[in-house]
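Biologist: I would like to learn how to read a few features of a structural model. Could we go through them one at a time, with the general idea before each case?

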Amino acid sequence: MWNGEKSIILTKLCIVIFMGLLLAVVVSAPWLTDWFTDVSQAGQGENRAYFMATIYVGFVPAAYLLYSLFKLLRRIETGQVFTAENVELLRRISWTCFAGAAVALISLFYYTPWAFVAIAAAFMGLIVRVVKNVVAQAVELKNEADYIV
Amino acid sequence: MPIVVNLDVVMAKRKMSSGELAEKIDITQSNLSILKTGKAKAIRFSTLEAICKTLDCQPGDILEYRPDDGE
């Protein structure tokens, strides 16, 4: 029977898979960029170093985001849902999305399709920020409710 | 907060322990402690009614308005 506990396990598994994919991308970045610049029809061969720089710099916010998500899930798993710590984690996740968007935005100077990544990351950051605001209000309401006898 | 809870005074007059009162009014001891220590932000009418019934007193015996020094 499907329940909340299994749902959290599935989400954690997805995060682990994404962590694995992220590591694989970073480790194989030299080959990946070689392959991409070879197959790319836009003639990106001269930008190989820039692509690698984007991958390595982008790794930092991406890894931190996945780590924060995992930490958030572990807290939810232990019943700590509407807490100030979770609000802080959501705030960090949101800013990490914006940091990823900034990396993609800077990378526009050599490859314009990065714009899609920048917009997607910024949009995600915005959604997480709204969720953070909702959870912050929920924390306040919970604190009030805890002191109603 | 200018609202002071005098529950411990009334309880002492009635010689009733926290555990006994909590059991009679059907709230947890930790919630009763929140009320007694003045940490509570609100009290339900149902809780107030149960306290008054059990301790045979009026709401005014339990709650008191004491203005802050600055007011």
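Modeller: This is a predicted model. A:Arg48 has 29% relative accessibility, so A:Arg48 counts as partly exposed.

Biologist: Which residue does the side chain of A:Arg48 meet in a salt bridge?

Modeller: The partner is A:Asp34, with 2.3 Å from N to O. A:Asp34 is also partly exposed, because its relative accessible area is 31%.

Biologist: Is A:Lys12 buried or exposed?

Modeller: A:Lys12 counts as buried, because its relative accessibility is 18%.

Biologist: What about chain B?

Modeller: There, B:Arg66 forms a salt bridge with B:Glu64, and the closest N and O atoms are 3.3 Å apart. B:Arg66 is partly exposed with a relative accessible area of 44%, and B:Glu64 is partly exposed with 28%. Salt bridges can also share partners, as in the network that joins A:Glu88, A:Arg91 and A:Arg92.

Biologist: Now the nonpolar residues. Which residues have the most contacts inside the largest nonpolar core?

Modeller: A core is read as a set of buried nonpolar residues joined through their side chains. The largest one has 21 residues, and those with the most contacts inside it are B:Leu7, B:Leu21, B:Leu55 and B:Ile62. Helices H1 (7-14), H2 (18-25), H3 (29-36) and H4 (45-55) of chain B each give two or more residues to this core. H4(B) gives the most, with five residues.

Biologist: What is B:Leu21 in contact with, leaving aside its neighbours within four places in sequence?

Modeller: The contacts of B:Leu21 are B:Leu7, B:Met11, B:Met16, B:Leu32, B:Thr54 and B:Leu55. A second, separate core has 10 residues, including A:Leu89, A:Ile93, A:Val135 and A:Val139.

Biologist: Which residues form a nonpolar patch on the surface?

Modeller: A:Trp2, A:Leu10, A:Leu13, A:Ile17, A:Phe18 and A:Leu21 do, with about 660 Å² of accessible area together. Take A:Ile17 as an example: A:Ile17 lies in helix H1 (residues 4-27) of chain A and counts as partly exposed at 47% relative accessibility.

Biologist: How should I read the overall form of chain A?

Modeller: Chain A has five helices and zero strands, in the order α-α-α-α-α along the sequence. Its radius of gyration is 19 Å, well over the 15 Å from the globule rule for 149 residues, so chain A is more spread out than a compact globule. The C-alpha trace of chain A spans about 70 × 35 × 20 Å along its principal axes. Of its 149 residues, 32% count as buried. Among contacts in chain A with a separation of 6 or more, 68% come from residues 24 or more positions apart.

Biologist: Where do positive phi values occur in residues other than glycine?

Modeller: One case is B:Lys15, with phi near 55 degrees. B:Lys15 lies in the loop between H1 and H2 of chain B and is exposed, with a relative accessible area of 74%. Another is B:Asp56, with a phi of about 50 degrees. B:Asp56 sits in the loop between H4 and helix H5 (59-62) of chain B and is exposed at 64%.

Terms used
Residues numbered from 1 in each chain as written. Chains lettered and ligands numbered in written order. Predicted model: local features only at pLDDT ≥ 70, side-chain atom pairs only at ≥ 80, totals over all residues. Heavy atoms only, no water. Patch = residues over 30% accessible without salt bridge, like charges linked within 9 Å, V, L, I, M, F, W, Y side chains within 5 Å. Areas by Shrake-Rupley, 256 points an atom, 1.4 Å probe, with all protein chains shown as cover. Salt bridge = Lys/Arg side-chain N within 4 Å of Asp/Glu carboxyl O. Helix = DSSP H or I, 4+ residues; strand = E, 2+ residues; numbered from the N terminus. Buried < 20%, exposed > 50% of the residue type's maximum accessible area, 1.4 Å probe, protein only. Core = buried A, V, L, I, M, F, W, Y, C linked by side-chain atoms within 4.5 Å. Contact = heavy atoms within 4.5 Å. Rg over C-alpha atoms; globule rule 2.2 N^0.38 Å.
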